[in-house]
Amino acid sequence: MPAVGIQADRQMDLLAAAVTTCATGRLAVKIRDFVRETGLERRDITPALRFLTDTGLLTSGPAGWTPTVSGVRVGQSWATNRETARTVFGDAWRDSWVYRLLSDSVQPGVAYSAEDIARAMKPYPTSTLSPWVHLVDWLELARYVERDADGRLRLSKVVGAEEATQGKTEDQSQGPAADPSAPQVGLVLPLSMDQLLHLTAEDYGAVMRSLATIYDVLSRQRA
């Protein structure tokens, strides 16, 4: 879950700092680098990096943190044009658990408060609400929700249109029904096979490290 001590846009500065630092030839970024580049405090940086890793924008290792392929695209655009970066970020997050949970939990066309969306998305009634309210800031940053003149939030047209198209495609599909006893896929590759085949060795390695990190995080959450 996102850090509750700082806003989403400041946490995104961490991703931009990782991209900028690695562009100088560094293989990974350490906590002290993030402190120097962003001015954020260490106690806020650590949970923010965990969330950026959990959602596929960073990968972590013994040497520090490295941006993934998607993370590089988002971080580069964040440093130059934040409005463009929001669109790039929304595209990068389409295969994340955040997007899937939002589309499963929130109805299109209905006005919500941030707290309403947080309650709809949090998996257990006993879960602490505060981190989920902060997650709504990220949903707005990614353009997944839009704010009305009265401050209420609705699913954006992009999310609604994609869900409608997906539903129509599923209705028209003639494939065999899924076997409910089959094991469920826990991760979705953020690239098509064609995109994967055209990656450089370095980018391919970053994708694989990112997936391994996310799998490890999900495994610990389910333990």
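Reader: Where is the place of S130?
Author: This is a predicted model, and in it S130 belongs to helix α8, the element that covers residues 130-141.

Reader: And why does S130 count as partly exposed?
Author: Its relative accessibility is 36%, and because partly exposed covers the range between under 20% for buried and over 50% for exposed, S130 gets that label.

Reader: How far apart are S130 and M1 in space, C-alpha to C-alpha?
Author: The C-alpha atoms of S130 and M1 are 10.0 Å apart, although 129 residues separate the two in sequence.

Reader: Now S77, is that one buried or exposed?
Author: S77 is buried, because its relative accessible area is 9%, which falls under the 20% cut-off. The residue sits in helix α4, made up of residues 69-80.

Reader: What does S77 touch, leaving aside residues up to four places away in sequence?
Author: With those neighbours set aside, S77 is in contact with R82, A85 and V88.

Reader: Switching to the core: how many residues has the largest nonpolar one, and which have the most contacts inside it?
Author: The largest nonpolar core holds 48 residues, and F34, F89, W93, I117, W138 and L139 are those with the most contacts inside it. Helix α1, residues 8-22, gives the most to this core, contributing eight residues. As general background, nonpolar side chains in soluble globular proteins tend to be buried together.

Reader: Take F89 then, which residues does it touch?
Author: Not counting residues up to four places away in sequence, F89 touches M12, L57, V74, W138, L141, A142 and Y144. One of these, W138, is also among the residues with the most contacts inside the core.

Reader: What about contacts across the sequence, how much comes from residues 24 or more positions apart?
Author: Among contacts in the protein chain with a separation of 6 or more, 61% are between residues 24 or more positions apart.

How values were computed. Residues are numbered from 1 along each chain as its sequence is written. This is a predicted model: local features need pLDDT of at least 70, side-chain atom pairs count only at pLDDT 80 or more; totals for chains, interfaces and linings use all residues. Side-chain values use heavy atoms; hydrogens and water are left out. Helices (H or I, at least four residues) and strands (E, at least two) are DSSP runs, numbered from the N terminus. Buried means under 20% relative accessible area, exposed over 50%, partly exposed in between (1.4 Å probe, protein chains only). Contact means heavy atoms within 4.5 Å. A nonpolar core is a set of buried Ala, Val, Leu, Ile, Met, Phe, Trp, Tyr and Cys residues joined through side-chain atoms within 4.5 Å.
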